[in-house]
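This report describes selected side-chain contacts and local architecture of one protein chain.

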Amino acid sequence: QRPGKRAKPNKEEPTTSAHDDQANPKDAEEEVKDAIIGLRGQDGSSLGPPLKVPLSMEPKNLEVLVNKLLSEGDDDDDNDGIPRPYSFFIDEIELSGSLRQHLEKHGNSLESLEVTFKPQAWFKVLPVSRCSATMTGHTESVLSVSFSPCGRHLASGSGDTTVRLWDLNTQTRQNECKGHGDWVLCVSWSPDSKVLASGDNKGAVLLWDPECGDKIGALRGHKDAVTAISWEPAHLSLPSRRLVTSSRDKSLRVWDCGTRQCLFSMHSHRQAVTSCVWSGQGLIYSSGRDTAIFVWDTERGVMVRQLQGHGHWVNTMALSTEHALRSGPFDHKGRRPAGDEEARRAALGRYEAALGGRPERMVSGSDDFTMFLWQPGQQDGKRPLARMTGHKNLVNQVRFSPDGQWIASASFDKSVKLWNGHTGKFVCSFFGHVAPVYQVSWSADSRLVCSGSKDSTLKVWDLRTKKLRGDLPGHEDEVFAVDWCGTGAFVASGGRDRCLKLWRH
């Protein structure tokens, strides 16, 4: 007998070598090629029974599937057969690759795989990349900028006590509005774009006609600086007549712009009121330096509930529906129905679409470095949905994305942070600024966010890649105010260099 020949294994006989033991688990993994998934809308409604799909499916494949299922169940085809873009989430984490890659990375179970689909904007906003105009005229710092809901006007408030209206077609000054006796701290457009309100450091609120720049009214009653102005939403009242103002005199006032009279005032805050918001549910929210957030009834001015949680000044608030409330009846091209009743219904449809079948949410940011996510319109709204920590300095501004899915926060820790708009979970940080970040503003399609900083630059961040999309130097000093036009065409910025800059693709 030859030991050498006996030791040689027969190729046809199965063997159990160590190499094969290592290969078997891989073969077992490759055997799992499909998964059973349930598709749900953002309101929690199920899109039919669970489906068996291959693990190689990517968002583009799921998008085709969802559009097909929705078209089969919808007799009214309002979209002329155009497929709608969707984003997909598993346990509130966005699906960016194949199902297999997502499961391997996050360790989800194959047994109960719920995939939530959320509609994206039909249109895409191009990232701004260049300065198209530098508009001079203000003789002191530009403290506030705001595009009108129709997208045809731009207003700026300055430390030189004037409000200026700018023509976006010629990119030159249209009107100079004089009447304030101190710094103009805030400007706010009515949802129908027919009236501009501005508040100054002495407590005066003036109303302007944007077409001719004439002063059409003065609302006097506050004894200290006006910190914020918010109009009654268009789906509740059109034409817009009522607005609420907050002040450092510890009060809020609701005004009738037709009669120029104060309807009622609210005085529960113990220190300066820093912000106010008129919600789509017919409530007013206010925040103050007394660390409290109050919910008010808009008919009688009675406090409904108080929200406690912050340990220092509450600087800023934002609603999940703020883009729909601000744009009112206007779409992303600046168009609106002709009649007021049709426009009101259009605004209501936009507001309900922004809600997505869920309660309205509100986020607050504070000097205590934290943020809270609330549902203040609910009976149990006193309890926050989430406490959001991560910033290492005070939070200066918070903003919901137009689709309500994300929250961007600007902080003195030189960063912009991104959060999940439904759960409050941290998503990522955007680093690049070398000084405190003052303000952020979203593109109308919720895919880009722009930030302005003390370092004199603006930066554009991409939500898909979670990276810097563009760096926009040009200002000679701090950038105090940033706003992205609802049509997506322009970003406006103003700051200590007394200049207003327009940025576009």
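This is a predicted model: local features need pLDDT of at least 70, side-chain atom pairs count only at pLDDT 80 or more; totals for chains, interfaces and linings use all residues.

Ring pairs join Phe 412, Tyr 438 and Phe 480 into a cluster. In total, the count of aromatic pairs comes to 8. One of these is formed by Phe 294 and Trp 296, whose ring centres lie 5.7 Å apart with the planes at 55°, so the pair is tilted. Phe 294 is buried at a relative accessible area of 3%, and Trp 296 is likewise buried, at 2%.

A further pair consists of Phe 430 and Trp 461; here the centres are 5.0 Å apart and the planes stand at 15°, so the arrangement is stacked. Phe 430 belongs to strand β30 (residues 426–431) and Trp 461 to strand β33, and the two residues, 31 apart, link distant parts of the chain. Phe 430 counts as buried at 2% relative accessibility, as does Trp 461 at 1%.

Aromatic rings also receive charged groups. Lys 118 lies over the face of Phe 89, at 4.3 Å from the ring centre. The charged end of Arg 289 is placed over the ring of Trp 313, 4.1 Å from its centre.

**Salt bridges**

Side chains of opposite charge can pair when their charged atoms come close.

Arg 241 is partly exposed, at a relative accessible area of 39%, whereas Asp 256 is buried, at 12%.

Glu 299 is located in the loop between β21 (293–297) and β22 (303–307) and Arg 242 in strand β16, so the contact ties together parts that are 57 residues apart in sequence. Glu 299 is exposed at 55% relative accessibility, while Arg 242 is buried at 12%.

Since Asp 471 lies in strand β34 (residues 467–472) and Lys 459 in strand β33 (residues 458–462), the pair ties together parts 12 residues apart in sequence. Asp 471 counts as partly exposed at 40%, and Lys 459 is buried at 5%. Elsewhere, Arg 164, Arg 173 and Glu 176 are linked in a network of salt bridges.

An open sheet is formed by 5 strands in the order β2-β1-β5-β3-β4, with mixed pairing. At its edges stand β2 (51–54) and β4 (93–94), each with a single partner strand, so one side of each has no neighbour in the sheet. Strand β3 (residues 86–90) runs antiparallel to β4 and is joined to β4 by 2 bridges. Ile 90 stands opposite Ile 93 in β4.

Helix α4 (residues 99–106) has Leu 99, His 102 and Leu 103 as its buried residues. Seen down the axis of α4, these fall within an arc of 95°, so they line one face of the helix. They pack against β2, β3, β4 and β5 (113–119). The face of α4 turned away from the buried side carries the exposed residues Glu 104 and Lys 105. Just after α4, Gly 107 adopts a positive phi of about 70°.

Methods. Residues are numbered from 1 along each chain as its sequence is written. Side-chain values use heavy atoms; hydrogens and water are left out. Buried means under 20% relative accessible area, exposed over 50%, partly exposed in between (1.4 Å probe, protein chains only). Helices (H or I, at least four residues) and strands (E, at least two) are DSSP runs, numbered from the N terminus. A salt bridge is a side-chain nitrogen of Lys or Arg within 4 Å of a carboxyl oxygen of Asp or Glu. Two strands pair if DSSP finds at least two bridges between them. The arc is that of the directions from the helix axis to the C-beta atoms. Contact means heavy atoms within 4.5 Å. Rings of Phe, Tyr and Trp (its six-membered ring) pair if their centres lie within 6.5 Å; planes under 30 degrees apart count as stacked, over 60 as edge-to-face and the rest as tilted. A charge sits over a ring if NZ of Lys or CZ of Arg is within 6 Å of the ring centre and within 35 degrees of the ring normal.
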